[in-house]
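Please keep the sequence and the coordinates at hand while reading.

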2 protein chains.
Amino acid sequence: MSEKLTIGKLAGATGTKVETIRYYEQIGLLPAPARSASNYRTYEGTHLRRLSFIRRARDLGFSIDQVRELMGLADRRDQSCIAVDVIANQHRDAITRKIADLTALAGELDALIDSCSRNTVADCRIIEALGPAASA
Amino acid sequence: MSEKLTIGKLAGATGTKVETIRYYEQIGLLPAPARSASNYRTYEGTHLRRLSFIRRARDLGFSIDQVRELMGLADRRDQSCIAVDVIANQHRDAITRKIADLTALAGELDALIDSCSRNTVADCRIIEALGPAASA
DNA sequence: TATGCACCCTCTAGTCGCTAGAGGGTCAAG
DNA sequence: CTTGACCCTCTAGCGACTAGAGGGTGCATA
């Protein structure tokens with residue numbers, strides 16, 4: 001049961017693109033792995049777990065900086081959970097705001113779409129609604 | 001009375017930053033205006049109307065390319081409104097998907113936050129939940 | 001053994017939609 | 001005549017990747 005992975009295998013196992021993994025290494029998010037004799041990156045289980053963590057947090061919409069923060073906390077397991085809770089809650093609030101914004105926007109768009117007369121653009125109320133008083 | 005505007009006035013009138021207006025000119029979204037003797041941009045009413053259109057569409061979340069498309073359609077006033085309707089609906093669909101994604105995400109985060117035992121990180125299920133998909 | 005192809009490497013530059021700064025020129029009020 | 005707000009161009013930066021050039025490596029198959 002060899003835990004050695006090429007970058008391609010790691011990518012496949014985590015649903016990440018190869019280039020993204022190299023990028024994460026470059027910005028110091030994922031530690032640089034050992035290299036094979038032919039200079040190939042050789043990843044271990046620790047990398048798989050860490051990258052899974054990163055991907056999951058990214059999928060949940062945490063920024064790279066927030067992920068860094070979360071990982072820092074996760075690595076200090078004696079610390080209080082409250083710091084982690086705070087980050088998650090901040091993020092939850094941001095999502096609440098985003099949903100509200102998008103919902104309002106969807107309403108506006110719906111009004112626009114409903115107003116489409118389906119005649120010529122000259123009569124198109126979407127175009128009309130997007131412009132100011134009169135078009136030039 | 002053709003009202004001439006400096007870039008600053010145009011920015012003020014449309015709620016756009018000066019740099020953004022120059023950027024729109026650079027990418028060909030807003031036509032380059034005439035220049036004064038001292039090389040200042042001098043905008044006309046047409047620019048004001050076109051920029052208002054752009055800003056409104058951008059505020060509604062249309063991409064620059066979509067705005068370009070919409071403006072191209074608006075300029076051909078004999079054409080059918082349906083093409084405009086299609087673009088608006090595509091955008092509406094994208095927003096619907098985004099809202100659904102964010103809602104699902106909010107639910108996941110809520111579960112994560114609720115599960116936080118508020119003890120040490122060792123017990124913190126937020127960190128746990130962010131770990132590898134299959135428990136390792 | 002040769003060959004073909006998928007994979008790996010580094011490095012650079014591009015994406016989107018701006019935003020910020022350097023380093024200068026112009027204009028109008030006091 | 002000076003001050004300070006405005007204007008100009010050019011370049012680089014943001015976040016989070018993504019794409020491509022130009023090359024090396026590993027393994028299966030003919």
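## A helix and its expected span

The expected span of a helix is 1.5 Å times one less than its number of residues. In this predicted model, helix H3 of chain B runs over residues 45–59, and its 15 residues reach 21 Å from the first C-alpha to the last, close to the 21 Å expected at 1.5 Å a residue.

The buried residues of H3(B) are B:His47, B:Arg50, B:Leu51, B:Phe53, B:Ile54 and B:Ala57. Because these residues cover an arc of only 150 degrees around the axis, they are placed on the same side of H3(B). After H3(B) comes B:Gly61, a residue with a positive phi, near 90 degrees.

## Chain A in outline

The secondary structure of chain A consists of six helices and two strands, and along the sequence these elements follow the pattern α-α-β-β-α-α-α-α. Chain A has 136 residues, of which 24% count as buried. When contacts in chain A between residues at least 6 apart in sequence are considered, 40% of them join residues at least 24 apart.

## The surface near DNA strand C

Around DNA strand C there are 19 residues, of which A:Gly8, A:Arg41, B:Ser38, B:Ser63 and B:Ile64 come nearest. Both protein chains take part in this surface: at least two residues each are supplied by helix H1 (7–14) and helix H2 (18–26) of chain A, and by helix H2 (18–26) and helix H4 (64–75) of chain B. The element that gives the most is H2(B), with three residues. By class, the surface near DNA strand C is made up of six nonpolar, seven polar and six charged residues.

## The surface near DNA strand D

DNA strand D has 18 residues around it, and those that come nearest are A:Ser38, A:Ile64, B:Thr6, B:Gly8 and B:Arg41. Here, H2 and helix H4 (64–75) of chain A, together with helix H1 (7–14) and H2 of chain B, each supply at least two residues. H2(A) accounts for the largest share of the surface near DNA strand D, with three residues, and the residues of this surface divide into five nonpolar, seven polar and six charged.

## A:Ile7 and its surroundings

A:Ile7 lies in helix H1 of chain A. Is this residue buried, exposed or partly exposed? Since A:Ile7 has 19 C-beta neighbours inside 10 Å, it counts as partly exposed; the cut-off for a buried residue is 20 or more.

If neighbours within four places in sequence are left aside, the contacts of A:Ile7 are with A:Val18, A:Ile21 and A:Arg41. The C-alpha atom of A:Ile7 is separated by 11 Å from that of A:Arg35, a residue 28 places away along the chain.

## Positive phi at Asn39 in both chains

A:Asn39 has a phi near 70 degrees, which is a positive value in a residue other than glycine, and its position is in the loop between strand E1 (34–35) and strand E2 (41–42) of chain A. With 6 other C-beta atoms within 10 Å, A:Asn39 is exposed.

For chain B, the phi of B:Asn39 is likewise positive, about 70 degrees, although the residue is not a glycine. B:Asn39 sits in the loop between strand E1 (34–35) and strand E2 (41–42) of chain B, and it is exposed because 6 other C-beta atoms lie within 10 Å.

Technical notes:
Residues are numbered from 1 along each chain as its sequence is written. Chains are lettered from A and ligands numbered from 1 in the order in which they are written. This is a predicted model: local features need pLDDT of at least 70, side-chain atom pairs count only at pLDDT 80 or more; totals for chains, interfaces and linings use all residues. A residue is near a molecule or strand if its C-beta atom, placed from the backbone, lies within 6 Å of it. Helices (H or I, at least four residues) and strands (E, at least two) are DSSP runs, numbered from the N terminus. Ala, Val, Leu, Ile, Met, Phe, Trp, Tyr, Cys and Pro count as nonpolar, Asp, Glu, Lys and Arg as charged, and the others, Gly among them, as polar. A residue is buried if 20 or more other C-beta atoms lie within 10 Å of its own, exposed if 12 or fewer, and partly exposed in between; C-beta atoms are placed from the backbone. The arc is that of the directions from the helix axis to the C-beta atoms. Two residues are in contact if their C-beta atoms, placed from the backbone, lie within 7 Å.
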